[in-house]
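Work through the exercises below with the model open. Try each task before reading its solution.

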Amino acid sequence: MGGLENMAFISNAVSLVTYFYGYMNFSLTKSANTLTNFMGTSFLVALFGGLISDTYLSRFNTCVLFGCIELLGYAALTVQAHFDQLRPPPCQGLAISQTTQCQAADIGQAAILFSGLYLVAFGTSGVKAALPSLGADQFDERDPKRSSFFNWFLLSFTAGAIIGVTFIVWISTNQGWDWAFGVCTVAVLVSIMVLSMGKSLYRNNVPKGSPLLRIIQVFVVAIRNRKLPQPGIEDELHDVAGVHNEILPRTDQFRFLDRAAIEHTCDDGSTSVNLGPWRICTVTQVEETKIIIRMLPIILSTVFMNTCLAQLQTFTVQQSTTMNTHVLGIKMPGSSIPVIPLVFMFIFIPIYDCVFVPIARKITGIPTGIRYLQRIGVGLVLSAISMAVAGVVETRRKSVAREHGMVDSLQPLPMNVLWLGYQYSIFGLADMFTFVGLIQFFYEESSAGMKSLGTAISWCSSAFGYYLSSVVVDVVNKVSGGWLDNNNLNRDKLDYFYWLLAGMSVVNFGVYLVCASWYRYKKVEVIYKEENHAEGKQVEMLNAV
């Protein structure tokens with residue numbers, strides 16, 4: 001399901017700018033911002049999907065339900081792309097400087113477009129929140145294969161994306177957007193059917209209450225008990241096994257929240273145990289809340305990398321439309337340029353999992369080879385390098401346009417599109433490290449009762465990155481006097497913009513180092529029962545993980 005769903009999603013992520021610009025008559029900046037807002041929503045609403053999965057639905061049911069919503073969105077886009085009356089008249093034969101004279105989409109046409117787009121965004125968000133957790137749930141907590149699962153899950157995503165940015169993009173370019181959206185519709189339908197075929201085989205989680213409600217209860221009770229003295233020893237606090245028989249030991253960070261677990265004593269000196277969840281919380285519940293708070297600086301310090309990714313998915317595609325797209329005698333659509341980093345990822349993911357991890361494991365003694373936060377940090381460094389390379393390549397592209405007197409020409413420059421592969425390849429490696437690192441980090445560090453929500457939080461980095469991308473573009477345009485406001489990349493200052501992103505990425509990495517150094521990995525005690533055949537009885541054991 002991950003491969004098929006991502007095939008549809010990524011194919012649109014890399015090419016919708018062309019659809020907005022060439023078929024819906026949006027300006028270049030509006031096209032870029034519309035795409036980044038759509039992508040941001042697709043990842044941000046994953047929080048809702050994760051909450052629904054942990055609270056009401058199983059992860060399997062969440063994937064099926066939200067997959068059906070995504071299916072409706074692609075169907076709406078297919079219908080609009082097929083019927084000309086549902087789109088504005090096309091702009092043909094106009095020079096770049098005259099594209100502002102094109103007729104804009106009317107209210108009804110825009111309503112259909114945005115309804116379809118955000119049905120897709122809402123649907124894919126739920127799938128992204130629940131599907132990784134559903135797969136990881138199939139492995140025991142101490143099974144080293146669970147770590148490998150996340151790498152192979154990314155490989156499935158990558159395989160689907162490769163097909164999306166080649167086959168489906170080729171369809172949209174040569175057969176029409178209605179055919180491309182139609183293939184996406186069928187792909188999502190098949191993905192739902194394939195997932196459903198394995199229903200009887202899956203280990204499924206049983207929702208046990210809202211994790212958001214438990215977090216709110218901790219803050220409410222802590223505020224209510226704010227006048228009580230700070231507890232000094234762990235024995236003073238109330239604790240029982242949390243959801244899924246998990247106990248989280250007390251930590252010394254955010255100690256003001258410990259007041260939520262202070263046990264109340266009666267007049268005769270006995271401890272009252274009949275208080276409701278809005279009067280007293282368990283230590284495990286308090287620590288569950290602390291985990292979420294500790295995660296926030298990590299997620300915020302990885303946002304900017306996704307802002308850089310958003311620029312590659314928008315402006316790089318536009319750069320490709322000005323260049324020679326013939327590769328080995330085959331015309332390569334600009335929207336297929338992302339296949340370069342995807343191929344790199346497809347090759348290096350198995351090498352990373354089968355070669356690097358075993359060697360690193362022997363050196364460090366860590367089951368995953370390196371820790372999650374170290375893996376994320378490597379990705380952030382590579383993303384900064386990628387932006388610097390992008391600035392160099394854009395400087396070279398503009399110099400070619402000036403040298404050949406083609407600044408205002410609609411003809412492709414005598415510069416091959418594979419030049420863009422340098423920045424994309426480096427960023428592909430960055431994504432390989434950071435993507436899996438974030439998802440695995442938030443899944444493993446989340447408590448048992450909020451695995452889907454934890455996975456959804458990891459997608460928020462992408463969401464905020466795409467939203468920030470729109471803000472950055474607008475702010476840079478205003479402050480710089482219009483670096484990206486000409487609708488002509490040959491006259492814009494996109495190279496300056498890339499250099500700015502590279503510098504900000506370096507600063508962001510410094511912030512991440514501080515946040516990662518401050519973070520403390522969780523410790524957990526799991527209560528489980530093991531059958532003792534020698535004595536014919538069950539022995540309750542406490543295992544520290």
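**Exercise 1. Overall fold**

What share of the contacts in the protein with a separation of 6 or more comes from residues 24 or more positions apart?

Solution. Residues 24 or more positions apart supply 81% of these contacts. Contact here means heavy atoms within 4.5 Å. This is a predicted model, where local features need pLDDT of at least 70, side-chain atom pairs count only at pLDDT 80 or more, and totals for chains, interfaces and linings use all residues. Residues are numbered from 1 along each chain as its sequence is written, and side-chain values use heavy atoms, with hydrogens and water left out.

Next, take the secondary structure. The protein has 16 helices and 7 strands. These are DSSP runs numbered from the N terminus: helices are H or I with at least four residues, strands are E with at least two.

Then take burial. Of the 545 residues, 55% count as buried. Buried means under 20% relative accessible area, exposed over 50%, and partly exposed in between (1.4 Å probe, protein chains only).

**Exercise 2. The cores**

Find which residues touch the most other members of the largest nonpolar core.

Solution. Start with the rule: a nonpolar core joins buried Ala, Val, Leu, Ile, Met, Phe, Trp, Tyr and Cys residues through side-chain atoms within 4.5 Å. The largest core has 131 residues, and L16, Y19, F38 and F497 touch the most other members. Now follow Y19. Leaving out residues up to four places away in sequence, Y19 touches M24, Q80, A81, R87, L113, W177 and F181. A second, separate core has 10 residues, including A222, A260, C281 and V283.

**Exercise 3. Cysteines**

How many disulfides are there?

Solution. Apply the cut-off: a pair of cysteine sulfur atoms within 2.5 Å. The count is 0 disulfides. C354 is partly exposed, because its relative accessible area is 48%. C460 is buried, because its value is 4%.

**Exercise 4. A loop**

Examine Q253 and F254 in the loop between strand 1 and helix 10.

Solution. Strand 1 spans 246-247 and helix 10 spans 283-301. Q253 is buried, because its relative accessible area is 9%. Beyond its neighbours within four places in sequence, Q253 contacts K290, R294, W518 and R520. Now turn to F254. Its phi is near 50°, a positive value in a residue other than glycine. Most residues other than glycine have a negative phi.
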